[in-house]
Amino acid sequence: MQDLVGIVPWTFIAQICNLFIQAYLIKRFLFKPVNEMLEKRRQRADAEIREAETAKEEANAIKAEYEQNMLEAKDKASNILSTAQKTAQLQSESILKEASQQAAAIREKAEADIEQERQKAVNELKDEIGGIAMEIAGKVIEREISEKDHEKLIDEFIQNVGETS
Amino acid sequence: MDLEISGARVFLEVPIDVPFLGRFQLSETIVVSWIVMALITLTCIWLTRDLKEENISKRQAVAELLVETANNFVIGNMGEKFRYLIPFVAALFTTSVVSNLISLIGLRSPTADLSTEAGWAVVVFIMITSQKIKTNGVGGYLKDFTTPIPVMTPFNILSELATPISMACRHFGNILSGVVINALIYGALAVASSALLGLLPGALGKVLSQIPILDVGVPAVLSVYFDWFSGVMQAFIFCMLTVMYIANAAEESS
């Protein structure tokens with residue numbers, strides 16, 4: 001039995017040794033594994049943050065590229081549209097011009113035809129009426145009219161017909 | 001009845017006289033210290049079994065909490081450069097707490113032996129002194145004793161020596177007082193229950209008066225203060241003082 005209050009040298013030394021052994025044991029079995037694990041976790045978190053940052057940068061680059069592409073596409077589209085509009089306008093103008101030319105040609109031709117037909121009709125009429133007139137005149141005056149008078153009469157008649165027609 | 005409060009029992013004595021140290025005695029203090037160390041170390045091993053980086057178990061959360069608390073306590077009070085002292089302070093605190101509380105399972109606290117606290121206090125004192133010499137140099141350390149005036153030198157030496165003595169005695173006194181008061185309470189309650197039950201007539205009273213019924217439950221309430229509160233408090237105070245003294249010793253140079 002030792003004293004209740006007192007310092008026993010051997011116990012004193014043993015307890016100092018025990019304290020340092022305990023410090024080593026705690027360091028070895030608690031702090032070392034836990035700190036290693038915490039450090040690993042911290043490194044992983046850092047790596048993940050870095051990864052996220054690179055991914056974000058990539059996404060931003062892609063977004064910028066996409067926007068650039070969109071802008072270019074819009075430009076192209078508006079170019080194409082304006083070109084198409086111009087072409088269409090030119091085409092419509094040329095078509096209209098051609099159409100009006102054609103219409104004018106058709107009309108000219110028609111007019112020439114009509115004139116020709118009229119001339120022809122006049123000539124036919126002239127011959128016919130001349131014959132008829134000769135007959136009638138011959139019957140009416142019952143005398144032979146000289147060739148000269150005859151032609152003069154016809155011309156007079158035709159002239160009158162032409163003016164009335 | 002007789003009530004005996006004694007020092008640590010001796011289990012084994014080596015019959016060789018070593019000068020100054022005497023015979024080696026394997027005392028209760030040392031044996032229970034080993035039990036305490038085994039308990040702490042096994043708990044550490046159990047707590048840190050299969051640590052994971054994510055999806056952690058409650059066990060690992062406790063281990064991380066303990067490590068973080070120790071880190072914050074030491075680094076918060078002493079600064080980053082004393083990181084190497086974390087295991088020492090943690091060992092001091094856990095050994096102290098477990099030693100104080102092991103009396104709850106009927107073993108004699110190693111801290112109820114002044115040799116234990118004296119050993120710890122001397123270690124802390126050596127650390128404080130070496131830290132002072134490290135920051136101020138030997139000359140600065142010695143010169144520090146003559147401040148503010150040379151007449152104060154004996155008092156400064158006294159106050160320097162008082163540091164480990166007061167640390168050791170404060171801790172020891174609190175734990176020993178708990179042991180003494182617990183023993184007194186158990187004895188007193190045994191006497192009280194035997195007197196109370198002895199009033200019962202005949203053989204029944206004689207049998208029941210031999211059983212200290214009042215010893216069941218009542219001391220547990222008082223143990224909340226004398227063992228739990230006092231035990232944890234003294235461990236904390238001892239560590240706090242250690243940390244503070246060493247940090248102060250490091251700051252004196254600035």
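B:F20 lies in the loop between β1 (10-18) and β2 (22-27) of chain B; helices (H or I, at least four residues) and strands (E, at least two) are DSSP runs, numbered from the N terminus. The model is predicted: local features need pLDDT of at least 70, side-chain atom pairs count only at pLDDT 80 or more, and totals for chains, interfaces and linings use all residues. Residues are numbered from 1 along each chain as its sequence is written, and chains are lettered from A and ligands numbered from 1 in the order in which they are written.

Most residues other than glycine have a negative phi, and most peptide bonds are trans. B:F20 is not a glycine, yet its phi is positive, about 70 degrees. B:F20 is exposed, with 5 other C-beta atoms within 10 Å (exposed: 12 or fewer such atoms, placed from the backbone). B:D50 also has a positive phi, about 30 degrees. Its loop runs between α1 (28-47) and α2 (58-78) of chain B. B:D50 is exposed, with 8 other C-beta atoms within 10 Å. A cis peptide bond, omega about -10 degrees, joins B:T147 and B:P148. B:P148 sits in the loop between α4 (114-143) and α5 (153-197) of chain B.

Terms used. Buried ≥ 20, exposed ≤ 12 C-beta atoms within 10 Å, placed from the backbone.
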